[in-house]
Amino acid sequence: MSSKESCRNELRVAIRQLSDRCLYSASKWAAEQLVGIEKDPAKFTPSNTRFQRGSSSIRRRFGTNEITSTPPTGAAYVSTPVIEEDEVIQGDFYLLAKSYFDCREYRRAAHVLCNQIGKKSVFLRCYALYLAGEKRKEEEMIELEGPLGKSDAVNCELVSLERELSSLCKNSMIDPFGLYLYGLVLKEKGNENLARKVLVESVNSYPWNWSAWLELQSLCTTVDILNSLNLSNHWMKEFFLASVYQELRMHNESLSKHENLLGTFTFSNYIQAQIAKAQYSLREFEQVEVIFEDLLRNDPYRVEDMDTYSNVLYTKECFSALSYLAHRVIMTNKYRPESCCIIGNYYSLKGQHEKSVIYFRRALKLNKNYLSAWTLMGHEYVEMKNTPAAVDAYRRAVDINPRDYRAWYGLGQAYEMMGMPHYALHYFQKSVFFQPIDSRLWIAIAQCYESEQLHMLEEAIKCYQRAANCNDTEAIALHRLAKLHRELGQPEEAAFYYRKDLERMEAEEREGPNIVEALMFLATHYKAQKRFEEAEVYCTRLLDYTGPERETAKSLLRGMRIAQSGFPSMDIEHFHP
């Protein structure tokens with residue numbers, strides 16, 4: 001059997017099993033990957049290729065290889081999902097409980113299954129209780145909500161669930177789905193080490209549950225932790241590694257993994273979106289925009305990940321495109337966190353920051369752990385000069401994800417606005433630790449070192465050099481390096497950076513005072529060095545300007561001609577009384 005056919009058969013069985021256990025997010029994800037597998041050309045029909053149109057440009061951009069379904073010799077491997085006995089004989093009580101569950105009547109569903117002992121029934125009962133506890137926690141949070149949604153509400157079912165699932169685990173009376181739920185409960189209670197161990201056991205036994213992989217990913221906060229996991233070989237592991245690399249800011253490794261997966265899952269919208277997000281983190285905005293345009297053509301009612309697309313449009317100031325996207329998601333599903341963030345970005349680009357905050361708050365009402373909303377709301381408060389609220393929002397973001405460099409950067413900006421460069425420096429350094437390829441972060445650190453309180457110009461120079469090496473698109477670093485070396489009395493170094501800055505401005509066809517400043521310094525510097533030919537080139541360029549720099553250039557040219565002719569200057573100070 002070919003690897004594509006093997007993956008297809010495994011996913012078909014897994015989708016039914018996951019849906020039957022009400023694991024709908026995992027089931028949806030698996031179904032999307034199933035449709036993403038390239039069909040046999042002999043079986044192409046208009047109906048089964050509908051969702052595969054418009055994705056070919058992604059495949060053309062990346063050379064893809066089909067993943068192998070056969071693991072290395074001796075590695076554990078799980079084949080097609082096995083149907084257990086209690087899964088085949090579905091009792092009437094289970095069907096009733098599932099109906100209640102689907103209607104979000106979780107406690108009724110759990111009550112119906114209270115006397116059922118099959119593993120499948122036990123899982124659904126415990127899962128229903130867990131969600132009932134989550135639902136009550138959300139209600140309490142609304143009732144007892146503090147500033148910016150803070151609340152001490154907890155899931156009251158966690159203690160009893162941990163006790164029951166722990167007992168089942170010790171007695172080997174639990175299936176992979178029960179292990180997934182047990183790991184989820186342990187994670188909620190803060191027992192991360194045991195949660196990792198249990199979740200690894202779950203995905204090794206049943207690798208098709210993407211929800212279990214995502215919970216495991218949230219516990220892999222360092223590369224060392226990731227490397228310590230004893231995961232069995234399976235093609236689902238490749239999806240996990242690609243995703244966790246992205247979370248660990250290993251963007252190139254993540255890209256490589258996702259590109260390899262395209263060999264089998266050629267038309268997977270999920271993989272395309274992940275490639276776009278990795279390239280967004282690498283600030284390759286042009287390619288990101290092309291991928292998201294492809295995605296929307298192929299899946300016009302998609303809302304997932306579209307907030308990332310809106311960030312790209314915001315950064316590029318594509319007002320009309322962002323307006324169109326905002327209108328599109330409103331018509332599709334207005335009350336999704338992603339939709340609210342897109343609309344918030346739209347109002348922010350229009351300069352309506354108060355209205356933007358309203359939509360970011362609405363996103364957080366829908367999902368209090370929606371990281372982007374906290375960070376973007378912090379940015380809006382910075383624009384509104386409400387630094388205490390900005391700091392609070394950014395702190396909530398880093399509480400949710402301590403690796404979010406944008407929130408750390410925002411905290412640095414807030415403290416910089418409050419005139420506290422020592423605190424700002426600390427947060428900027430945290431930010432650059434997680435995103436060392438972003439020139440803006442190095443520039444922010446350098447500006448802190450330049451402040452009056454710190455005045456560490458040598459350190460500032462090192463940071464500007466890092467920024468210049470990280471594709472400084474705003475062209476700040478080279479100019480600041482030239483000025484700092486000039487201030488420190490290092491004319492050769494200053495001339496080097498003024499030349500580089502001038503070359504860059506010419507290549508980008510920029511105009512402005514920085515060009516005049518560079519020309520003036522270089523002309524004066526080379527005249528002092530008696531390198532008259534080079535100085536004359538810069539002076540001649542200054543003659544094209546109409547301000548005082550034109551007169552200065554003329555004076556320099558006259559001085560150089562006198563020096564080259566060998567006659568003394570006729571200035572009056574040369575004559576003795």
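**Before selecting**

This is a predicted model, in which local features need pLDDT of at least 70 and side-chain atom pairs count only at pLDDT 80 or more, whereas totals for chains, interfaces and linings use all residues. Residues are numbered from 1 along each chain as its sequence is written, and side-chain values use heavy atoms, with hydrogens and water left out.

**The whole chain**

Colour the model by pLDDT, the predictor's confidence in each residue, from 0 to 100. The average for the protein is 86, and 88% of the residues score at least 70. Select residues 68–76, where pLDDT stays under 50; the model gives this segment nine contacts beyond four places in sequence, a contact being heavy atoms within 4.5 Å. Residues 570–577 likewise stay under 50 in pLDDT, with two contacts beyond four places in sequence.

Switch to secondary structure: the protein has 31 helices and zero strands. These are DSSP runs numbered from the N terminus, helices being H or I of at least four residues and strands E of at least two. Of the 577 residues, 52% are buried; buried means under 20% relative accessible area, exposed over 50% and partly exposed in between, with a 1.4 Å probe and protein chains only. Among contacts with a separation of 6 or more, 59% are between residues 24 or more positions apart.

**Helix H5**

Select residues 92–102, helix H5, and show its buried residues: Tyr-94, Ala-97, Lys-98, Tyr-100 and Phe-101. Viewed down the axis of H5, these residues fall within an arc of 160°, so they line one face of the helix; the arc is that of the directions from the helix axis to the C-beta atoms. Their packing partners are helix H1 (3–20), helix H2 (24–36), helix H6 (106–112) and H7. Just after H5, Arg-104 has a positive phi of about 65°.

**Helix H8**

Move to residues 158–170. Helix H8 has 13 residues and reaches 18 Å from first C-alpha to last, close to the 18 Å expected at 1.5 Å a residue; the expected span is 1.5 Å times one less than the number of residues. Which residues of H8 are buried? They are Leu-158, Leu-161, Leu-165, Ser-166 and Leu-168. Because they fall within an arc of 165° down the axis of H8, they line one face of the helix. Helix H7 (119–143) and helix H9 (176–188) are included in what covers them. On the other side of H8, Arg-163 and Lys-170 are exposed. Ser-172 follows H8 with a positive phi, near 55°.

**His-353**

Select His-353, in helix H20 (residues 353–366). His-353 counts as buried because its relative accessibility is 16%. Its side chain makes a polar contact of 2.6 Å with that of Glu-380; such a contact is a pair of N or O atoms within 3.5 Å, where within protein one must be able to donate a hydrogen and the other to accept it, and residues adjacent in sequence count only if both atoms are side-chain atoms. Beyond four places in sequence, His-353 is in contact with Ser-348, Glu-380, Glu-383 and Met-384.

Finally, select Cys-448 and Cys-463. The structure holds zero disulfides, a disulfide being a pair of cysteine sulfur atoms within 2.5 Å. For Cys-448, the nearest cysteine sulfur is that of Cys-463, 9.4 Å away. Cys-448 is buried, at a relative accessible area of 1%, and Cys-463 is buried at 7% relative accessibility.
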